[in-house]
Amino acid sequence: MDFDFTPEQVELREAAIEFARGALNEGVYEADKEGRFSREKWRAAARFGLLGLPIPEEYGGAGSDLLTTVYAMEGLGYGCCDNGLLFSLNAHMWSAQVPLLRFGSDEQKQHYLPPMVAGDLIGVHAITEEGSGSDAFKVSCRARRIDDRYVLNGSKIFITNAPVADLLIVFATVNPEWGADGISAFLVDKGTPGFSVSSGFDKMGLRTAPIGEIFLDDCAVPVARRLGPEGAGVAIFNSSLDHERASILAANVGAMQRQLEKCVERAASWERFGKPIGKFQSISNKIADMKVRLETARLLLYKVAWLKTQGRRASMEAAMAKLYISECMVESSMQAISIFGGYGYMKEYEIERDLRDAIGGTIYSGTSDIQRLIIAKYLGL
Ligand SMILES: Cc1cc2nc3c(=O)[nH]c(=O)nc-3n(C[C@H](O)[C@H](O)[C@H](O)COP(=O)(O)OP(=O)(O)OC[C@H]3O[C@@H](n4cnc5c(N)ncnc54)[C@H](O)[C@@H]3O)c2cc1C
């Protein structure tokens, strides 16, 4: 067993940290307050090469393996304090670019991937509906085939990046009576007649990542814009979620490292009763627990990325990583607030934002309850 990364991987992670600190951290407090997304920062991340990390060179990417990519994403989360922006970028990478890469036709990949990697097209993945949520395959959005088109009708809710999206992967059923077998995925361009999007929701956290509702009203999509074969929606969704769960929280691991360092610094320098609060065991215990959470979360992240890099199945490991990292970040964020006392609770000190952002991680890509169900299923229950 070898826990070392190569010098090239370490260099890439260092570069990601430096880039994030220099280009992504300005004005985050205000942007969070206003719920404002930054297209400029998105483009800067694309110029840095972030969006292209897991995409082959022929489409403008770097063709990095998953382990290298998550290691770089972890560095980004360490350097960048805007968890919302990173979530938005991750949603685009894992739930829009990767399914296109894995299931798209040559023409679809040539058409969409280069501008997505370059930061010119923003992608989304839309499955959730008011009546489905955790019961993801209870899709009621309809796709009726008419000659060389599919006509889509329905709506999708809580779709990350929807208000700024250029391309949407929409899951719809060609026949509700076929259940999961009726679900197909479609590539819908912004501006297609019959497509519209709400202005967005006022979220608790991840406020710099836009989220909205989309509406499809007799929205005609050419057959050539179906992603994969008819009825392949569930396979595409499962593969995409598997990849997403394995990678989307890499930035949270980096954020936990950033958070831990802040807490150590605070505990070593903030005095009460004539000594640094870190000398009180109930404070140092919290910090020790944060460190254990960080390292165990990191091990799960690397393990699932390594398995996938080897081309091995890792669905249970992906669910474990998603569940564990997201819940660890909630727990550590609570402790960070506690260590900073009243200052931790005030938005200006930018400690409490991590908690608000972390809670989202226990809901998107399947709630913690659903991850536990998946893990239990793999154990035969
Ligand atoms: C920040 C954020 C970003 C998102 N981005 C996207 C996106 O880009 N695209 C997209 O399609 N969707 C997205 N979603 C939607 C997300 O996937 C759903 O919110 C999530 O799957 C839960 O569905 P729901 O909200 O309908 O909750 P429900 O399914 O109604 O669940 C309510 C509660 O019941 C529990 N529950 C449900 N079923 C079970 C069960 N079988 N066993 C035990 N407990 C259960 C849940 O865990 C939860 O606690 C996003 C959500 C958030 C918060």
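1. Two residues are said to be in contact if their C-beta atoms, placed from the backbone, lie within 7 Å. With that meaning in hand, and bearing in mind that this is a predicted model, one can begin with a contact between two helices: Asp 242, Arg 245 and Ala 246 of α7 meet Ser 315, Ala 318, Ala 319, Ala 321 and Lys 322 of α10. Sorted by class, this contact of α7 with α10 has four nonpolar, one polar and three charged residues.

2. Helix α7 covers residues 233-247, and its axis comes within 7 Å of the axis of α10, the two crossing at roughly 45 degrees. The crossing in which α7 passes α10 is left-handed.

3. Helix α10 also packs with α8, which spans residues 250-269; here the axes come within 10 Å and cross at roughly 20 degrees, so that α8 and α10 are roughly parallel to each other. Their crossing is left-handed. From α8, the residues Asn 252, Val 253, Ala 255, Met 256, Gln 259, Cys 263, Arg 266 and Ala 267 take part, and among their partners in α10 are Ile 325, Cys 328, Ser 332 and Phe 340. In this contact 11 residues are nonpolar, five are polar and one is charged.

4. How does α9 lie against α10, and at what angle do they pack? Helix α9 (residues 281-309) and helix α10 (residues 315-345) pack at an angle of about 160 degrees, while their axes are 9 Å apart. That angle makes α9 roughly antiparallel to α10, and the crossing of α9 and α10 is left-handed.

5. The residues that α9 brings to α10 include Ile 283, Met 290, Arg 293, Leu 300 and Leu 307, and those they meet in α10 include Glu 317, Tyr 324, Ile 325, Cys 328 and Ile 339. By class, the contact of α9 with α10 has 14 nonpolar, three polar and six charged residues. A student may wish to note that Ile 325 of α10, listed here, is also listed in the contact with α8.

6. Turning to the chain as a whole, its division gives domain 1 (7-122), domain 2 (124-231) and domain 3 (249-378). The C-alpha centres of domain 1 and domain 3 lie 22 Å apart, and 17 residues of domain 1 are in contact with 18 residues of domain 3. On the side of domain 1 that touches domain 3, α2 (28-34), α4 (66-79) and α5 (83-103) each supply at least two residues, with α4 giving the most, namely nine residues. The residues on this side of domain 1 divide into nine nonpolar, five polar and three charged.

Notes
Residues numbered from 1 in each chain as written. Predicted model: local features only at pLDDT ≥ 70, side-chain atom pairs only at ≥ 80, totals over all residues. Domains from an automatic or database assignment. Helix = DSSP H or I, 4+ residues; strand = E, 2+ residues; numbered from the N terminus. Nonpolar A, V, L, I, M, F, W, Y, C, P; charged D, E, K, R; others polar. Axes fitted to C-alpha atoms, helices over the stretch in contact; angles between N-to-C directions. Parallel < 35°, antiparallel > 145°, perpendicular 65-115°, else oblique. Left-handed = near helix turned anticlockwise from the far one by under 90°.
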